[in-house]
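Hello,

Here is the structure I promised to pass on. Have a look at it first, and my notes come after.

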Amino acid sequence: MRRVIFNQKGGVGKSTITCNLAAISAVEGKKTLVIDLDIQGNSTQYLLGAKVGDPDKTIAHFFKDNLGLGLFGGGKEGLESAIHETPFPNLYIIPSHPDLEALQGRLESRYKIFKLKEALEKLEGFEHIYIDTPPVLNFYSQSALIAAEKCLIPFDCDTFAREALYTLMRAIAEVKADHNDKLEIEGIVVNQYQKQANLPRQLVEELIAEGLPVLETKISTSVKVRESHSDAQPLIHYAPSHKLTEEYRALHSEIHK
């Protein structure tokens, strides 16, 4: 199962959701891969800390190879050579790299938009794949949407986020129509939810009333998230009994039922 976590609005928790769902999949015994396509590299830092074991093996080098700029050229290596083990059993990551920004124009001009999908279809051994994306509809996020089967949309209960949501869903529908008819919006993940506050509750109720695919599980606001980021440990390892961890467990169960 290939799943992309995407929203064009920044600060909605894409990397946090990606890494915590992936970590739970791994704890449950599924060999799991995270692909970090965001130049900010938040998922990379979350799962590996400040260090990348081999900086020459990243998602940027996969794309360089497909431009003929890699050591071997021509896209022969695939994704396997860019996979890093994390400190957590069953959990692997293909890290981000700053070179992604400089590569984007050349990748677009040479229409390499299907290369990630082709490589993932050849990749063996992983039961769950989670793809973190930049907060913009660019070459990398489109590549992820084309490569994925499911799309999760984080939503942070903000009025501006609601307006952006409609634009986002139209963009996903266009990618589905033009490039990937297997792509499904799996659901909207309500994140940073404060159930005692009127505005978040009202926004969620309105989205549900409109028939949008809001997932039942909602993720609360908690300082534990920032603490787990700082410690480079997903919540299932950092605070396994915390309420927020239980919410992520429930979300994982909901999307994998």
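This is a predicted model: local features need pLDDT of at least 70, side-chain atom pairs count only at pLDDT 80 or more; totals for chains, interfaces and linings use all residues.

Residues are numbered from 1 along each chain as its sequence is written, and side-chain values use heavy atoms, with hydrogens and water left out.

Let me begin with strand E1 (residues 2-5); strands here are DSSP runs of at least two residues and helices (H or I) runs of at least four, numbered from the N terminus. In a regular strand, side chains alternate between the two faces of the sheet. In E1 both faces are covered, with Arg2 and Val4 buried on one side and Arg3 and Ile5 buried on the other. Buried means under 20% relative accessible area, exposed over 50%, and partly exposed in between (1.4 Å probe, protein chains only). E1 runs parallel to strand E5 (residues 128-132), joined by four bridges, and Arg3 stands opposite Tyr130 there. Strand E6 (residues 150-155) also pairs with E1 in the parallel sense, over three bridges, and Ile5 has Leu152 as its bridge partner. Pairing requires at least two DSSP bridges between the strands.

Next, the cores, meaning sets of buried Ala, Val, Leu, Ile, Met, Phe, Trp, Tyr and Cys residues joined through side-chain atoms within 4.5 Å. The largest has 50 residues, and those with the most contacts inside it are Ile35, Leu37, Ile59, Phe63, Leu120 and Leu165. A second, separate core of 27 residues includes Ile5, Cys19, Val34 and Leu47.

There are six aromatic pairs, that is, Phe, Tyr or Trp rings (for Trp, the six-membered one) with centres within 6.5 Å; planes under 30 degrees apart are stacked, over 60 edge-to-face and the rest tilted. Phe63 and Phe139 are edge-to-face, because their ring centres are 5.8 Å apart and their planes are at 70°. Phe63 lies in helix H3 (residues 59-66) and Phe139 in helix H6 (residues 139-147), so this pair ties together parts 76 residues apart in sequence. Phe63 is buried at 0% relative accessibility, and Phe139 is buried at 2%.

Finally, helix H11 (residues 243-255) has 13 residues and should span 18 Å at 1.5 Å a residue; its end C-alpha atoms are 19 Å apart, which agrees. The expected span is 1.5 Å times one less than the number of residues.

Best wishes
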